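Dear colleague,

Here is the structure I said I would pass on. My notes on it follow below the model.

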Amino acid sequence: MKKLSSRAIAAITNALLALILVVVGTVCFYPSATGVSGTKDRVYYKGSSPDGVTLMFNVYWGTELVYKILDVLDDYEAKATFFLGGSWADDNVDCVKEIVARGQEVGSHGYFHRDHAKLSFSENYGEIKNSVDFIEAACGAKVLLFAPPSGAFNDDTVLAAEELGLKTVMWSKDTIDWRDKDRNIAYRKATQEIKGGDLVLMHPMEHTLAALPNILQYYREKGLRAVTAGENLLGSSQ
């Protein structure tokens, strides 16, 4: 057998070391739930109701607008889901109670609007749990859904939410109302090619409130019901 030269041995050794560095680097920079084969398929981007559409309001501001949104929803006998920031809920307990009293659904939007994609499992767990505990104590309603702030999450986020008994919810349509600040754009994004199962992301904004009656009227004319995310994910039609 031909003996390898010292140069060949050095080349092989360097190649192996490079491979090890790549593997180690991948492990270090990958989210800490490395042993999970991916959780994205356990995140809900759409519901399964054949005729139900969900308006989802992420709330960290706009308390007075939330009350007005509730009035419009009542006028149209419509349901929606309010994903509440824990720090906002802490300052607005009466509004949290009113949302539930009006028959609307509440979910968690974290506590301090942190970037959950950069949090470890324990950090995700604490951030979500703190918000859930406070919301449930404030209004007596069970929280079953979690919407990550800015749509940022990693495997640990989903695992932490599941550990707390929550589904992680994203969206199929985004009005981007926080950026565009235009009632016509909000209306178009909430209605264009809308169909059963859609999850429509919104915020308590003046222009969103102004567009809301027309949005709900459009749904009604198209034979669509405005339902909670919880009902939409179950796929029921009642």
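Some terms come before the findings. Helix axes are lines fitted to C-alpha atoms over the stretch in contact, and the angles between them run from 0 to 180 degrees between N-to-C directions. Helices (H or I, at least four residues) and strands (E, at least two) are DSSP runs, numbered from the N terminus.

This is a predicted model, in which local features need pLDDT of at least 70 and side-chain atom pairs count only at pLDDT 80 or more, while totals for chains, interfaces and linings use all residues. Residues are numbered from 1 along each chain as its sequence is written, and side-chain values use heavy atoms, with hydrogens and water left out.

Overall

The protein has ten helices and nine strands. Of its 238 residues, 46% are buried; buried means under 20% relative accessible area, exposed over 50%, and partly exposed in between (1.4 Å probe, protein chains only). Contact means heavy atoms within 4.5 Å. Taking contacts between residues at least 6 apart in sequence, 79% join residues at least 24 apart.

Helices 4 and 5

Helix 4 (residues 93–101) packs on helix 5 (residues 121–139) at an angle of about 70°, and their axes are 9 Å apart. That angle makes helix 4 roughly perpendicular to helix 5. For the cut-offs, angles under 35 degrees count as roughly parallel, over 145 as roughly antiparallel, 65 to 115 as roughly perpendicular, and the rest as oblique. Helix 4 contributes V93, V96, K97 and V100 to the contact, and helix 5 contributes F134, A138 and C139. Sorted by type, the residues of this contact are six nonpolar, no polar and one charged. Here Ala, Val, Leu, Ile, Met, Phe, Trp, Tyr, Cys and Pro count as nonpolar, Asp, Glu, Lys and Arg as charged, and the others, Gly among them, as polar.

Helix 5 also holds V132, which is buried, with a relative accessible area of 7%. Leaving aside neighbours within four places in sequence, V132 is in contact with S108, V143 and L166. V132 and L164 are 32 residues apart in sequence, with their C-alpha atoms 8.9 Å apart in space.

Aromatic pairs

A pair of aromatic rings is described by the distance of the centres and the angle of the planes. Rings of Phe, Tyr and Trp (its six-membered ring) pair if their centres lie within 6.5 Å; planes under 30 degrees apart count as stacked, over 60 as edge-to-face, and the rest as tilted. By this rule there are four aromatic pairs. One of them is F57 with F82, a stacked pair at 5.2 Å centre to centre and 20° between the planes. The pair links distant parts of the chain, as F57 is in strand 2 (residues 52–59) and F82 in strand 3 (residues 81–84), 25 residues apart. Both F57 and F82 are buried.

Y111 and F112 form an edge-to-face pair, with 4.7 Å centre to centre and 75° between the planes. Y111 counts as buried because its relative accessibility is 13%, whereas F112, at 55%, counts as exposed.

In helix 8 (residues 183–191) the buried residues are A186, A190 and T191. Seen down the axis of helix 8, they fall within an arc of 110°, so they line one face of the helix. The arc is that of the directions from the helix axis to the C-beta atoms. What covers these residues includes strand 8 (199–202) and helix 9.

Helix 9 (residues 206–221) contains A210, which counts as partly exposed at 28% relative accessibility. A210 and Y187 are 23 residues apart in sequence and 9.2 Å apart in space, C-alpha to C-alpha.

Loops

Y45 sits in the loop between strand 1 (43–44) and strand 2 and is partly exposed, at 29% relative accessibility. Not counting residues up to four places away in sequence, Y45 touches K40, F153, M170, W171, S172 and L199.

Most residues other than glycine have a negative phi, and most peptide bonds are trans. E77 is not a glycine, yet has a positive phi of about 50°. E77 lies in the loop between helix 2 (63–75) and strand 3 and counts as exposed at 72% relative accessibility. K181, also not a glycine, has a positive phi of about 50°. K181 is in the loop between helix 7 (177–180) and helix 8 and, at 54% relative accessibility, counts as exposed.

Regards
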